[in-house]
Amino acid sequence: MYELKAVDKKFPGVHALKAIDFHIRRGEIVGLVGENGAGKSTLMKVIYGAYQPDGGQILIKGSSVRFANPRQAMEKGIGMVFQEQSLIPNLTVMENIFLGYERQFVRFGVVDWKAMAKAAKAQLAKVKLGIDPAMVTSKLSFAQRQLVELAKVLTLEERVDGDLVILLDEPTSVLSKDEVQLLFKLVRELTTRASFIFVSHRMDEVMDLSDRIYVMKDGEVVDVVERGGAAAEAIQHKMVGRNVDKEYYREHLQKPYEAAKVLVEMERVGLPGRIQDISLKLHAGEVLCLVGTEGSGREAILRTIYGMLTATSGRLRIKGEDAAAFSPRQSVAHGVGYVPRERKIEGIVAGMNVYENMTLSQMKKHSSGGVLRVSEERALARDWIRKLSIKAHSEFADCGNLSGGNQQKVVLAKWRSAGSDIMLLDHPTRGLDIGAKEDVYDMIRAMSAAGVGIVLVADTLEEAIGLSHTIIVVKDGRIQKQFACEPGAKPTPFDLLHYMI
Amino acid sequence: MDIQRLKPHLPWITLVVLVAIVGINDPGFLRPSNLLGIAGDIVPLFIMALGLTFAIYIGGIDLSAQSMANMVTVIASVYLASMGAWVAVLCVMAGFLLGMLSGYVTTRLFVPSFISTLAVGGIAFSIAQWLSGQRALNMDAAQRNETFGWMIGRTWGVPNELLIAAVLVAICLFIERRTTLGRALKAVGAGELAAAASGLNVARYKILAFAISGALAAIAGLLFAVKLSGGAPTIANGFLLPAIVAVLVGGTPLTGGVGGVANTVVGTLIVAVIRASMLYFEIDATRQQIVFGIVLIVAIALTIDRAKLRTVK
């Protein structure tokens, strides 16, 4: 029904899609997996019309089409449910659903809200969401918003004749297990109305939901797996091109930390509305995980240590020195490095190249009298590009054009090359695929072995448990419980969950 | 060849095309002495544009540049007699400090730079009116020639203004490409939040950018006062628009982060050619701002980075 034939896409320096053949049948659910930088997102953008292919053909029911923009693609029945949700929070649910298509409800220049509410109800019924369409979107939970987004895309059904193809980009990343199951059930039922392309980093979910799975690597489709045609590990092997280590979190590499050497000490630190009464110690070589729900104060603790937030009570010492009034600049000077969650906004500077990014936090070290020693910077960058096998054509590559995993490597290299021995990692593996995640785990172990103290806010509980020496559970800005996590005697997610909620 | 790859080269292509068009219509335009003269005349405006480049490079704007230059022409005319050559130091300091003030208001009081610099420009203009008693002032010709005569003569047929401009360009290029300051300004322009998360003192660098802009506007004003042998609170009016045009057509977008000093050199030459060509095509001075207004709109629309500008208000 929908088909791509030998589709090619090139960007300066990158051949993003190499002769991709892809098809999807009516009512089919097709999975799309691949490492970061494999070309998944480029392929999706070609499908929903944000990019135009440089070569090849897009066929709908055998006839060739060309989309200049996503709206044209929508008119042919191709809808996209975005990973970063595209709903406008201060509009009502119905206004969001019909955003840009309000005309159908206009009578004599005035919107007939009753008619719109009725139509919105019908759309929400498709996704089995029994909420009031006049509700303000910001009051909905994340899972509900995801469904509203899906309902919005499903309005295409009435607007378009022909079949629908709906892309789901990482729809499960913010959902709980139960919500994921509900979503999957719904998607399966909706196959009577549309075909789905499902993109996710979670292999088990892709295998659970998809009828066929396209496996991408380096801009090519390396395999198409039918349901039940291969085990998860075999697919991962094809994706990564190597075996996935059973010891995923590198537990065998976990070494005891130096209990005598305290790097960071917090004593009854408080910040009204964010954190209260936080006392903890970070030792050299220790991986300390902060665990808690969203908004529990994990990030506030990280940002307080980094000096982006200033505590109003308590004491904070970095390497024995009073650091309560430190700015980030002073923290950096004391060897603190910060890997923020928003990699593209706070992690790297898009528009600056690899060496400029790497030395951004340590320009003093590579300059004399304010004049930079550029050749030294470039040598340093080349060195780290090799050490971390960063995929960049050279140290002059614009960091904005690197894939997520490689951007994260640049951020980590920035701090490691500066010799930071206190690392604050906020969701360092967020949005990375398995290969890139493993690289990050390796780096965390290597840093720990080198005596670096690490405060980590992990993406999942499993990750937190696997990586850490110590886990601190935070709830409502307070420390609930501290766990020691020696290899072989680690707490289970259930143990932690008990204190989180 | 797609437009994205062509974009960085558009400024100099525009320049060559413009020169060719005017040259074909009037071969006299291409005479070296004529070209040198045109280039020399644009120097005060160029120096102002050079300063503006720093403010725009970090994603801000400096609307006070013209008033700053106005004020400096008055300061230079009033104090030349009593201070001699030291008046130059006074002028540059005044520009630098007022620029710092704009930067301070922008970064510490969180007032957008277009408002803070507009307000500081108002202050500068008012100082100029008060100091001058709202009259045009004249410098003592003999003293001017003795103290600042070197600024406006010719060396081997090249106007000295051009040499001054060349020295300033060299300094600014060095700051931009070789110093920690330049790198920090680029980081602030391209990704301010990431720069802050890397431990840079973003506020300090922003204040410095506005201070440099102010200082260069002051140098522009000083040179202008020396050229005209006097000053007045409105003497440099009509500079601001072409100076902003010069920065933007050179390829430094309002959103900052790319472009820079070298681009402004090309941009100013484009402005110079446009200005000269208006003389050839007999568009009179009162209508020139219409042209620059239109060019400004086109330049902004072409250069602005819409990925950074989510919404426009």
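In what order do the six strands of the open sheet in chain A stand? The order is E18-E21-E22-E15-E23-E24, and the pairing is mixed; strands are DSSP runs (E, at least two residues) and helices likewise (H or I, at least four), numbered from the N terminus, and two strands pair if DSSP finds at least two bridges between them.

This is a predicted model, in which local features need pLDDT of at least 70 and side-chain atom pairs pLDDT 80 or more, while totals for chains, interfaces and linings use all residues. Residues are numbered from 1 along each chain, chains are lettered from A, and side-chain values use heavy atoms, without hydrogens and water.

**Cavities**

A cavity is a set of points on a 1 Å grid over the protein atoms alone where a 1.4 Å probe fits but cannot get out; lining residues have an atom within 4 Å of a point. Grid points are joined across faces, edges and corners, and a volume is the space filled by probe spheres set on the points. There are four cavities of 30 Å³ or more.

| Cavity | Volume |
|---|---|
| Largest | about 50 Å³ |

Helix H4 (43-57) of chain B is one of the helices that supply at least two residues to the lining of the largest cavity; H4(B) gives the most, with three. Residues lining the second largest cavity include A:Lys40, A:His201 and A:Asp433.

Definitions and conventions:
On a 1 Å grid over the protein atoms alone, a cavity is a set of points where a 1.4 Å probe fits but cannot get out, and a pocket is an open set with protein on both sides within 12 Å along at least five of seven lines; lining residues have an atom within 4 Å of a point.
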